[in-house]
Number of protein chains: 2
Amino acid sequence: MAKREEILDTALEVIARDGYSRATVRELANSVGLSQAGLLHYFGTKEQLFVEILRRRDERDQRAYGEAVGAAGTAADIAGAFVRLVRHNAQVPGFVQLFTRFSSEASEEQHPAHAFFRDRYAVSRTITADTLRKLQEEGRLSPGLDPERLALMVFALIDGLQMQWLHDPDVDMADHVAYFWELVGLTPRTGGTPAG
Amino acid sequence: MAKREEILDTALEVIARDGYSRATVRELANSVGLSQAGLLHYFGTKEQLFVEILRRRDERDQRAYGEAVGAAGTAADIAGAFVRLVRHNAQVPGFVQLFTRFSSEASEEQHPAHAFFRDRYAVSRTITADTLRKLQEEGRLSPGLDPERLALMVFALIDGLQMQWLHDPDVDMADHVAYFWELVGLTPRTGGTPAG
DNA sequence: GTCTATATGTTGATAGAC
DNA sequence: GTCTATCAACATATAGAC
């Protein structure tokens, strides 16, 4: 199992650096010191490999940023967690490209990774909506707002910002996510790095 | 020239119906009653063909929705124009898929369609920001708001909503765009169909 | 487990006849 | 302009040896 994880971590680095187009099975195999067949021995198909790559990345980000969202005790915390997540993504363009392209390809129902993305979106929305609702019940978020809608919107906003940012790196993703939360009435606390 | 337009319109229909994966040059050629070579005779390469398809679509939408944004005389108008645009997009899933996938592929600088998308985003943002600023000067939009940021955000929101909607058709894109404008302090007037 | 070699399928692009 | 035929390039997947 250690070998699988080693492969995934190397693939993650290569993709973050070189982008999605270079991320063929052959290319990733070379980078990890295996032949194409050798790599597929571990993952079966390309789509399975890529889903595992995304899953591994999610595990990492979950520890660093996702937990901060779910465990947010204050309005500033949850807003800040999203800003930090996006700021982090801006450091790994290749990976943002992987996510955007693979997600758009998987939007067709027959695609092997379709269920992965559908579930991922649903879970992300639920966790965020739950946290927002909790804050609302504690009086830290305006009672007139709809947590479900806000949760869906913030992920849509992030995906769309990533798309524009990929075309134009001058687009400041974190700035716009912070502005979104300000519109909602939350001032993100973005200072410092998450303890993770 | 009539032939080119005929080809583009047919391609538009086929893609709106059957999605992006089916949209190979061969497939589109069949639908329009030409051989693959016959079709490429008009457009040279696949990427050029697809850019022309998107351009043609934009011309149409521009007449029906884009003008409504640029010419919006009231806050309700501009918000409503976006809601109607998104509502319209929800009728043509295949085309939304084409846009999303092609845009994500073209995010690399070497891609033949990269300039098209970059310019398209820039122009859309500018027109929208200009209109919002005008409304703001007339006192119809809260003076504390930033037109540039809002313009960029609404397009990001739409792109992201499309991504989620492609994975889960239950996502109500128009509802969330309307909610965005409400957060901003504008109530969209969505009734009726645009004259055009 | 890992490799080499190869099958298979798909697509976009081109040459050349009509 | 349009077709047929073919090429060339990939990329994934698999068979079989070691």
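Visitor: Which element gives the largest share of the surface near DNA strand D?
Guide: H3(B), with four residues. Near means a heavy atom within 4 Å, and helices are DSSP runs (H or I, at least four residues) numbered from the N terminus. This is a predicted model, where local features need pLDDT of at least 70, side-chain atom pairs count only at pLDDT 80 or more, and totals for chains, interfaces and linings use all residues. Residues are numbered from 1 along each chain as its sequence is written, chains are lettered from A and ligands numbered from 1 in the order written, and side-chain values use heavy atoms, without hydrogens or water.

Visitor: How far are the backbone N or O atoms of A:Lys46 and B:Ser35 from a phosphate oxygen?
Guide: For A:Lys46 the distance is 2.9 Å, and for B:Ser35 it is 2.8 Å.

Visitor: Switching to the two protein chains: how much area is buried between chain A and chain B?
Guide: About 3900 Å², with 60% from carbon and sulfur atoms. Buried area is the accessible area (1.4 Å probe) that two parts lose on being put together, summed over both.

Visitor: And how many salt bridges cross that interface?
Guide: Six by the rule, which asks for a side-chain nitrogen of Lys or Arg within 4 Å of a carboxyl oxygen of Asp or Glu. One salt bridge joins A:Arg118 and B:Asp168, with the closest N and O atoms 4.0 Å apart.

Terms used: Polar contact = N/O pair within 3.5 Å; in protein donor to acceptor, adjacent residues only side chain to side chain. Helix = DSSP H or I, 4+ residues; strand = E, 2+ residues; numbered from the N terminus.
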